[in-house]
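Colleague: I would like a close look at a single part of this model. Please keep to what can be computed from the atoms.

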Amino acid sequence: MIPEEKVAEIRERTDLVALVREYVELKRSGTSYKGLCPFHGEKSPSFYVHPDRGFFHCFGCQTSGDALSFLMRIEGHPFPEAVRILGERAGIEVTAVDSETERLARQKRARREQLLAIVESAAGFFVKMLADHKLGPMAWAELDRRGIAKETVETYRLGYAPHGWDELSGFLSQRGYSPAQCEEVGLIVPRRSGGGHYDRFRHRLMFPVSDAHGRIVAFSGRALEAPPGDERAQREPPAKYVNSPETTLYKKGDILFGLHEARVELRRREIALVCEGNFDVLALSQAGFGNVVAPLGTAFTDSQAKLLRRYAQTAVLLFDSDKAGKKAARAAQPLLAKAGISGKVVTLPPGDDPDSFLREKGPESMERLIGSAPSIVEWIIESSAADAGADPAAKADAIESLGPVLASIDSPVEARLYVERVASVFEIRDIQAVRQQLRRGVRVARGQAPRRRGAPAPAASAPQAPRRAVRLSKLELQLVGAFIDHPSLHEHDRSCAEKVQELLTSDDLRAIFHATTRWVGSRGIDAAALLEEVSEDSPAREWLERRLAVQEFEDETSARRFIERVVQKLERDRVARENKRLSREILEARRAGDDERADALMRQKSQLFRSAAPPSAATGTEGTKR
Ligand SMILES: [Zn+2]
């Protein structure tokens, strides 16, 4: 028996494309790769591999699966053997399959099952208390106030945590659960003195929180009005929400409230509505928008975005229209982009949240808002422009802050359209200026450029003695950088690579440049090996260390375009220099009456223009003056 987490780790760390390529020739096709299926005979490729998802599918014979199933199928290995082989490749040790590890794994599973059972019986207890407890009506009053229907209460299994200190702990101990276990799942809290425990959730409306498999792993408890006679609660109202602490079962950034309830509708509509609060989820769900989730007790996280991506391709953010809601929407953009989710933003009228909007305007208006929601990038552009107003400095800052947002867009066409959009929304005619400001924003975000105004230079960047006072040409650094990002350029564009080699004036840079040829055709360069090419005190070393941590050219095409432009520009510069020199010498020769020499120089000059690449109007100098 191999622990599940280990298998997951191995799957995660295995490069499926590389694995498949040991058997099948693959070619890129959009985000995926395709080739001839190894599992059935075919003449045109219908075997697709998605690198990021680690999944393959053959449209011919319908075989599909992950790295493990690929290896099992193609080599005929049994599962444990396939795990061991891939583990070795990924550098993950898979402990021998013996009865001891099997026993431990079984023990661990059993323990988890028991913890889940405790949480499940607590959920049952809260549901029963909502129906039976004498203060249950106070929870119902809150539900009524929010317009939550009985069916919704049942769907989401809402409950009531009774008033008092040990109602739940008493119930759980009757069931035979130990205080230690109940504490481990966050339901009870040890008393500060005198031993014993008390209930974490008291006199609260309870929202159970499920994992993606629908197992309840945590709770979110909403405060209710103080019960009659409880003067202390009347004096100092408790926190509005209390959520379970992080436990063995529950990591808050990994869970989306309502996901399990929403899963069918999510898959059906392929759109997820993401809102801020539990009540928003309930309100939308009962208004017919079943595809709704909310992050719980946190801002939207990376793992929540990834989790969501398994169910939907589009996420519509329905955050409050206040400042915090706007900030949350902006913060979600890079996470959605990274997860491959296309984001949209619904802007609610000021002062409204989804819940209040639905009650005032009804589901049709909500449907219209969702249907006409702008893309998140569009929304960010518009709201930044609105915030910046007409002040030129504020505009410049706002455009700069949009740099990283636009840089996260994969499609070059889309990115270009957004640049134009920025120019038009900010009312700036000069699109090159906009581009420059955006690029600056990217460099600022990467820590490669100082902020425009305000912040004084941090102490850490106080001038230090340079390792050696040699200035490396910025253009040369950028050229070599392009080959670090995409070593395959050596092969794909040989003539450009040769010209770059000629252009480099620094020995170190030439060494680095040459070394990158070793990674032609591989997934990426080996940073440690490349660093060995330059000595510790070399001026290029510092640059290389920085440069290895970032990728400036996301795709090879943009790198190639950049190189082509630079090479062309440098070539033009060379021609211009030569031309000037020849013209001067011709003039001197004529003045000296040496017509023979002047004619020879004339021939050289016309030769020069013939050999030079015809300057094309389409390839300006854009991007070369950074
Ligand atoms: Zn096939």
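How many bridges join β15 to strand β16 (residues 342–345), and do they run parallel or antiparallel?

Modeller: The model is a predicted one. In it, β15 and strand β16 (residues 342–345) run parallel and are joined by 4 bridges. Within this pairing, Val316 stands opposite Lys344 in β16. To get from β15 to β16 the chain passes through α14, and the β-α-β crossover made this way is right-handed.

β15 also pairs with strand β13 (residues 271–275); these two run parallel as well, with 5 bridges between them. Here Val274 is the residue that stands opposite Leu317 of β15.

As for burial, 5 of the 5 residues of strand β15 (residues 314–318) are buried, so the strand is largely enclosed by the rest of the structure. Their side chains divide by direction: Thr314, Val316 and Leu318 point one way, Ala315 and Leu317 the other way, and all are buried.

α14 (323–339) is among the elements that the buried residues of α17 pack against, and α16 (376–388), α18 (412–425) and α19 (431–445) are the others. The buried residues of α17 include Ala396, Ile399, Leu402 and Leu406.

Terms used:
Residues numbered from 1 in each chain as written. Predicted model: local features only at pLDDT ≥ 70, side-chain atom pairs only at ≥ 80, totals over all residues. Heavy atoms only, no water. Buried < 20%, exposed > 50% of the residue type's maximum accessible area, 1.4 Å probe, protein only. Contact = heavy atoms within 4.5 Å. Pairing = 2+ DSSP bridges. Right-handed = clockwise from strand over helix to strand, strands pointing away.
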